[in-house]
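Hi,

Here is the structure I promised to pass on.

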Amino acid sequence: MFRLIFKKVLAILTVSILAVSIFTACGSSKEATQENSEKKQEPVKLTILTHYSQEQEEALKKQIDKWNKLHPDIQVVHKSVADFGQLLPTIMAQQTAGQQADILHVYALWAGQLATNNVLAEVPDEIVEDIKKNYLPTAIDTVTLNGKILGYPTEVETYGLFYNKKILQENGFNDPPQTWDELYNIAKKVTKKDSAGKILIEGFGLIKGWDSAVVHPYLSLVYSAGGSFVTDGKVDLTSQPAIQALEFEEKFIRDGITDISFDAFKGFPDEKVAMVINAGWWNSSLKTLMGENYKNVGVAPIPSPDGKHKGSVSYGFFYGVNSKSKHKEEAWQFLKWLNSEPQANGATAEGNFLLSLSIIPARISDINALKKELEEPNNKPFIDALSYAVPELNVVPGQKIKTILQNHIEAVWTGSEKVKDALEAATKEINQELEKIQIK
């Protein structure tokens, strides 16, 4: 009897335990499924790092917000380093600290340093083909290092002569200069000084202390004189055009037309400088700074010695994916959408963003789609220059080479070096850097 009762109790307990186990297992299974489901639903988060100002950042954010709305599973956050000079140090510091952004918007001249430090991920073949097929040759050159494309070209800048129409007209000049002699004579005529000899209106401005503002206008003058910077893998700044261009700049300083202590970058929008050579992006800044007075701004091709040759430097920026990103595939998905998929007006999101900054896009379809908007007179010289501008030398020591040339140009400006000595020294130092690499 006792055994029978014990067996019944044991059977009931066994069934109860099994029931509890099954219930618990089911509950755990449901919780695990729910937990996995929640993990799957959590979006991938991408960070994009640029150098854009607050105003420019807002314009880019509008395009990013469109993506985020269309792609809830991949969300993009923008971060900016407002001081452009701190962008590269920030990128390198973040790489070391493991805090890197997934997507980088960088100056093409840094490509060598970034590649050497394995910062950039390989570009997928389909994107390489898209770039080769659909971008301006000048733009492709700016993002190519040793024959390899490093990312999507964005800004491609060329140089022109900015001039103040009001200042020129008040001095009897209705047209901008076409030759170096005309540039010199107009600049001399419009220069105004007070009784102590201090410049009130500077005829032609040179911007000191900023590598691009020193080197690019000089090289643009070299090219307008029929010269070159690199030939067969070597630099020769002792050629006649190279010497002629630096002597031309020195002449403005020597004759009191240009004062390098005068802030031409600020003075032009203040209408205290008549003419400056600068890149096309400046149009957007001048519109903001000058307001109604922007109507006084004109842009012309950079003058040449004979008025026939054309010369300009081109340089660019590009979007690349960080080699340390955990979401490379998603990062390229976003960049492909941003740079290649047309929006309602036929232009890409990047094209529309660049247009909002008065910057000429690098994608051919964007230029065609935005043709009407880009047709304003002050854009034309920069668009035309895309067909003849010489791309900035994009090699591993590119930034070092640029700094070498900047230092010797400024030494001539300050009178501490003679033109020929400075250019011979620059040639020697730059070629020593180029000997360390193979230019392709």
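Start with Tyr218, which touches Leu237, Ala242, Ala245, Leu246, Glu249, Leu405, Ile409 and Leu423, leaving aside residues up to four places away in sequence. Keep in mind that this is a predicted model.

Tyr218 also turns up in the largest nonpolar core, a set of 137 residues. Tyr218, Phe229, Leu237, Met275, Phe334 and Leu405 are the ones with the most contacts inside that core. Helix 9 (residues 211-224) supplies the largest share of the core, with eight residues.

Then there are the rings. I get 24 aromatic pairs in total. One of them is Tyr184 with Phe252, a tilted pair with 5.6 Å from centre to centre and 55 degrees between the planes. What I like here is where the two partners come from: Tyr184 belongs to helix 8 (residues 180-190) and Phe252 to helix 10 (residues 240-254), so the pair links distant parts of the chain, 68 residues apart.

Tyr184 has another neighbour worth a click: the charged end of Lys251 sits over its ring, 4.2 Å from the ring centre.

Finally, look for the cluster that ring pairs make out of Phe162, Trp210, Phe265, Phe268, Trp281, Trp282 and Phe382.

Cheers

Terms used: Residues are numbered from 1 along each chain as its sequence is written. This is a predicted model: local features need pLDDT of at least 70, side-chain atom pairs count only at pLDDT 80 or more; totals for chains, interfaces and linings use all residues. Side-chain values use heavy atoms; hydrogens and water are left out. Rings of Phe, Tyr and Trp (its six-membered ring) pair if their centres lie within 6.5 Å; planes under 30 degrees apart count as stacked, over 60 as edge-to-face and the rest as tilted. Helices (H or I, at least four residues) and strands (E, at least two) are DSSP runs, numbered from the N terminus. A charge sits over a ring if NZ of Lys or CZ of Arg is within 6 Å of the ring centre and within 35 degrees of the ring normal. A nonpolar core is a set of buried Ala, Val, Leu, Ile, Met, Phe, Trp, Tyr and Cys residues joined through side-chain atoms within 4.5 Å. Buried means under 20% relative accessible area, exposed over 50%, partly exposed in between (1.4 Å probe, protein chains only). Contact means heavy atoms within 4.5 Å.
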